[in-house]
Amino acid sequence: MYFLEDGTTKCGFYECKKCDYRFLSKVTKAKAACPLCEQDIDYEIGPDESLEDLLETAELIDVIEGEEEVKRMDALLSVAYVDDESWL
């Protein structure tokens, strides 16, 4: 699979509020770190910022449960992010 390992039965479906990237993660809490934004973090924190606000920019949209549902969602999202036009 593209985002998760085979056999995953529960995952979180997230959308980053900073860059609009959607992804799946084994984490299922309300906020998570965006893999794209995490690469470009500026760790210089101002007086009114916290490190959590910089790291956890993605919000949980839904919790996907069941191996088949996780596999289906992973396949749908991978089509959007892979430069493979064989499905056209």
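I take buried as under 20% relative accessible area, exposed as over 50%, and partly exposed as in between (1.4 Å probe, protein chains only). By that scale Y2 is partly exposed, because its relative accessible area is 42%.

I note that the model is predicted, that local features need pLDDT of at least 70 and side-chain atom pairs pLDDT 80 or more, and that totals for chains, interfaces and linings use all residues. Residues are numbered from 1 along each chain as its sequence is written, and side-chain values use heavy atoms, with hydrogens and water left out.

I located Y2 in the segment before strand 1 (10–16); strands (E, at least two residues) and helices (H or I, at least four) are DSSP runs, numbered from the N terminus.

I found an open sheet of 4 strands in the order 2-1-4-3, with antiparallel pairing, where pairing requires at least two DSSP bridges between two strands. Strand 2 and strand 3 (31–32) are the edge strands, each pairing on one side only.

I next followed strand 1. Of its 7 residues, 6 are buried. Strand 1 is joined to the antiparallel strand 4 (residues 58–65) by 7 bridges, and K10 stands opposite E65 there.

Which residue in the turn of the hairpin has a positive phi? I recorded D20, at about 65°, in the turn of the hairpin formed by strand 1 and strand 2, with 5 residues between them.
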